[in-house]
Amino acid sequence: MKTGADGAVAVVLTSRRAIGFSALLGQADEVPVPEEEGLEAFQISGEVASVLTRRRAFGFSARAGRWAEVQRFQLGATP
């Protein structure tokens, strides 16, 4: 498990999920992160947090109180 906090955001990362907490809204949101995706990095600054896995990138906003997700570009992948 990894944790971090800064400003209005706190994040808890487990082997199965990422949980973001918004101090501005007093609420939390979580997204599943399967073990096979592997956590590569995470960073927290002010009102936002980012989590990077092998397959996806997540961003948590304290103002929205939820995660946004995008698929990462993969070499050799066809659209």
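Q: Which residue in E3 stands opposite Val11?

A: Val11 stands opposite Gly20 in E3. Residues are numbered from 1 along each chain as its sequence is written. This is a predicted model, in which local features need pLDDT of at least 70 and side-chain atom pairs count only at pLDDT 80 or more, while totals for chains, interfaces and linings use all residues, and side-chain values use heavy atoms, with hydrogens and water left out.

Q: Why are E1 and E4 called edge strands?

A: Strands E1, E2, E3 and E4 form an open sheet in the order E1-E2-E3-E4, with antiparallel pairing. Within that sheet, E1 and E4 (27–32) each pair on one side only, and these are the edge strands. The twist averages 15° from one strand to the next; for such angles, axes are lines fitted to C-alpha atoms (for helices, over the stretch in contact), and angles run from 0 to 180 degrees between N-to-C directions.

Q: What joins the other neighbours in this sheet, and which glycines have a positive phi in their hairpins?

A: Strands E1 and E2 pair in the antiparallel sense over five bridges, and Gly4 of E1 (residues 2–6) stands opposite Val11 in E2. Their hairpin has two residues between the strands, and Gly7 takes a positive phi near 60° there. Strands E3 and E4 pair over six bridges, again in the antiparallel sense, and the bridge partner of Ala18 in E4 is Val31. In the hairpin of E3 and E4, with four residues between the strands, Gly26 has a positive phi near 65°.

Q: Which strands form the sheet that has E5 and E8 as its edges?

A: Four strands form this open sheet in the order E5-E6-E7-E8, with antiparallel pairing, and E5 (39–45) and E8 (66–71) are its edges, each pairing on one side only. Six bridges join E5 to E6, and Gln43 has Ser50 as its bridge partner in E6. Five bridges join E6 (residues 48–53) to E7 (residues 56–61), where Val51 has Phe58 as its partner in E7.

Q: What makes a group of residues a nonpolar core, and which members touch the most others here?

A: A nonpolar core is a set of buried Ala, Val, Leu, Ile, Met, Phe, Trp, Tyr and Cys residues joined through side-chain atoms within 4.5 Å, where buried means under 20% relative accessible area, exposed means over 50%, and partly exposed lies in between (1.4 Å probe, protein chains only). The largest core has 14 residues, and Val9, Val11, Ala18, Val31, Ala49, Phe58 and Trp67 touch the most other members. Strands E2 (9–13), E6 and E7 each supply at least two residues of this core, and the largest share, three residues, comes from E2.

Q: Which residues are in contact with Val11, leaving aside its neighbours within four places in sequence?

A: Contact means heavy atoms within 4.5 Å. By that rule, Val11 is in contact with Lys2, Thr3, Gly4, Ile19, Gly20, Ile44, Ala49 and Trp67.

Q: Why does the radius of gyration agree with a compact globule?

A: The radius of gyration is taken over C-alpha atoms, and the globule rule is 2.2 Å times the number of residues to the power 0.38. For 79 residues a compact globule would have a value near 12 Å, and the protein has 13 Å, which agrees.

How values were computed:
Pairing = 2+ DSSP bridges.
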